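Welcome, and thanks for taking a look at this one with us. Please open the structure below, and then we can walk through the ligand site and one of the hairpins.

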Amino acid sequence: MLKIFKKHDLAPYLTMKVGAKAEYFAVLKNKADFFEALDFAKKKSLPIFILGGGSNTVIVKNIKALVLKNKIEGKKIKKENSREIYLEVMSGESWMRLVNYSVSQGFYGLENLASIYGTVGAAPIQNIGAYGAEFSQVFDSLIAYDLKTGREKIFSAKECELGYRDSIFKRKAKGKYFIYSLVLKLKKKAKLNLSYGAIGEEMKKRGIKNPEPKDVAQVVHQIRSSKLPNPAVLPNSGSFFKNPEIKNSVFLNLQKTYPEIPFFTSAKKGMIKIPAGWLIEKAGFKGKVFGPVGMYEWQALILVNYGGAKAWDIVKMIERVKKEVKKRFAIDLEAEVNII
Ligand SMILES: Cc1cc2nc3c(=O)[nH]c(=O)nc-3n(C[C@H](O)[C@H](O)[C@H](O)COP(=O)(O)OP(=O)(O)OC[C@H]3O[C@@H](n4cnc5c(N)ncnc54)[C@H](O)[C@@H]3O)c2cc1C
């Protein structure tokens, strides 16, 4: 029988370690647990909120919901041919563990996405990406359950409408489904993507001439560990804001004032992407601490809880950063982290 807790503190389940209370809370270990939870929520007329690894979520007020921490784990090869492997993975699996498994088998596709926190089920929500790769490149389909009716729905990759840190689950399907399992399409042989950041350089330094997926994963892990604060030591939620996309004409105007402004081309026509970290740094927040919170000294995009922060401290910090960036650059920053 599913154990359901009342007025449960959520801070321990979030990498930012700031939380509020859930009206009800339970840990899911299998599908039957989910359906039991669904019945309970129906009887109490409560909405359900799904929590994975809590690495992209900040909860700033008590939630009148049944919060379900997803620990449904497991994976198996669904089918394979001479070129591809279709791997079925339960949504509560750790993403890092999945990448480690994949590269240890010599599969291609997940290596650049090594060392990203959280669960597999959350990966499609914001189409996780790093080091020149995106989840969308390996995604085949997923099975989800409607959080009201319990009805099963299979989403194809196309139906998930994956974009830059975006999907249908952040828009019209937001909070409506429990993503139960995913199918990933991995390759038995492929060209590795070494073009991003310091990956190629590091390979050379290590004298690796014919790298394998596991070498890329190791290098990515090393680079990430040297740049990002470990949430177990300095609680944080990774990149706090999305890189804003602005019109080309607006960008050209900004470039007149800031000739050094870094930029990337956007997948959207006529738009330019600006690194949010640069804007925040230029606005004077890099390494700036306000009481228990601040923007990380080595990467201004990361909001850190330096100890004992309350929800209010986080909210104030977000407002401060957004206001100053708007004032200086007339750009609206949008949170990448889910703020509840
Ligand atoms: C130090 C650090 C570095 C990071 N680096 C990156 C990076 O390089 N690239 C990147 O993309 N992200 C990065 N992140 C963010 C984070 O790791 C990812 O967004 C990750 O996918 C979140 O997984 P989670 O299980 O912790 O999600 P949670 O925070 O638990 O949930 C996130 C959202 O997804 C929903 N959700 C979770 N699971 C399910 C499910 N099974 N069904 C339906 N809804 C669900 C939740 O309701 C919530 O809205 C980083 C985070 C940290 C702390």
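An oxygen atom of the ligand sits 2.6 Å from a polar backbone atom of I50. Please keep in mind that this is a predicted model. I50 is also among the residues that come nearest to the ligand, together with G53, S55, T57 and T119.

**Backbone contacts to the ligand**
- A nitrogen atom of the ligand lies 2.8 Å from a backbone N or O atom of G129.
- For I179, a backbone N or O atom is likewise found 2.8 Å from a nitrogen atom of the ligand.

**How the protein surrounds the ligand**
- On its own the ligand would expose 990 Å², and the protein buries 94% of that.
- Two or more residues of the shell come from each of β3 (48-51), β8 (129-130), β12 (177-187) and β13 (236-239).

**The β6-β7 hairpin**
- Is strand β6 (residues 75-80) buried or in the open? Of its 6 residues, the number buried is 0, so β6 lies largely in the open.
- A hairpin of 3 residues connects β6 to β7.
- β6 pairs with strand β7 (residues 84-90) in the antiparallel sense, over 5 bridges.
- Within this pairing, K76 stands opposite E88 in β7.

Terms used: Residues numbered from 1 in each chain as written. Predicted model: local features only at pLDDT ≥ 70, side-chain atom pairs only at ≥ 80, totals over all residues. Heavy atoms only, no water. Near = heavy atom within 4 Å. Polar contact = N/O pair within 3.5 Å; in protein donor to acceptor, adjacent residues only side chain to side chain. Areas by Shrake-Rupley, 256 points an atom, 1.4 Å probe, with all protein chains shown as cover. Helix = DSSP H or I, 4+ residues; strand = E, 2+ residues; numbered from the N terminus. Buried < 20%, exposed > 50% of the residue type's maximum accessible area, 1.4 Å probe, protein only. Pairing = 2+ DSSP bridges.
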